[in-house]
Amino acid sequence: MTCPFMELNEELRAAARDIVGGRSVMSTTKCLTLMATAGDEPQWNSRQTSRGHKAIPLIDRDFISRAPMISQLIHQFGLDVNMLLEPDPEILMDLEKTTFNVFYVPEAAGSNHIPAQTEFVLPYQIKSVLGFGGMLPTGNLFAIILFTKAKVSPEAAELFKWISAYARISVASLDKRAVFA
């Protein structure tokens, strides 16, 4: 879920600063923040032990374009990067009510959209990547991303639009309060 930099705790702010190599991060910068994780390796089962994914500051269009999976997720969700960086309240009302989209990469191996091919995709035999989510009332984005070991068909991926709508109901409760206070 994206959260403004100023709402992150110090540990997450430090993680965000590390990603941008010490560049300053404005207090209002949206950070794609890992809320939960689960996986094969023990360290993948706690967001505190994540390396490089705790809080990713979305500092500008150029930074996002150099993060292929994030860029593609935003694109496949039908969003404009500027809407994520500086939400327009009038347009946001429409997006928040209607946008429940799916991020889908049918073949993870060899995909330009999925980095870490040699460290993650190939050794862990990731077949497809599927994400679903959308915009929340405050202009924050939420996404639930699955790295699957079974190939996901386009028809199955499309069904996640409906799951996204229901997931948004639960995630919206996190959107209006200080999660990392």
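By salt bridge I mean a side-chain nitrogen of Lys or Arg within 4 Å of a carboxyl oxygen of Asp or Glu.

A word on the source. This is a predicted model: local features need pLDDT of at least 70, side-chain atom pairs count only at pLDDT 80 or more, and totals for chains, interfaces and linings use all residues. Residues are numbered from 1 along each chain as its sequence is written, and side-chain values use heavy atoms, with hydrogens and water left out.

Back to the pair. Is K54 buried or exposed? K54 is buried, at 16% relative accessible area. E11 is partly exposed, at 38%. The cut-offs: buried is under 20% relative accessible area, exposed is over 50%, partly exposed is in between (1.4 Å probe, protein chains only).

How many salt bridges are there by this rule? The count is 9. Side chains of opposite charge can pair when their charged atoms come close.

Next, helix 1, residues 10-19. Helices are DSSP runs of H or I with at least four residues; strands are E runs of at least two; both are numbered from the N terminus. R13 and E10 form a salt bridge at 3.4 Å, N to O. Both sit in helix 1, 3 residues apart, about one turn. R13 is partly exposed at 23%. E10 is partly exposed too, at 47%. R17 joins E10 and R13 in a network of salt bridges.

One more pair: R66 and D62, with closest N and O atoms 3.1 Å apart. R66 is exposed at 53%, while D62 is partly exposed at 46%.

Now the lining of the largest pocket. Which element gives the most to it? Strand 6 does, with 7 residues. Strand 2, helix 3 (68-76), helix 6 (117-121), strand 6 (141-148) and helix 7 (154-175) each supply at least two. The lining divides into 29 nonpolar, 9 polar and 5 charged residues. Here Ala, Val, Leu, Ile, Met, Phe, Trp, Tyr, Cys and Pro count as nonpolar, Asp, Glu, Lys and Arg as charged, and the others, Gly among them, as polar.
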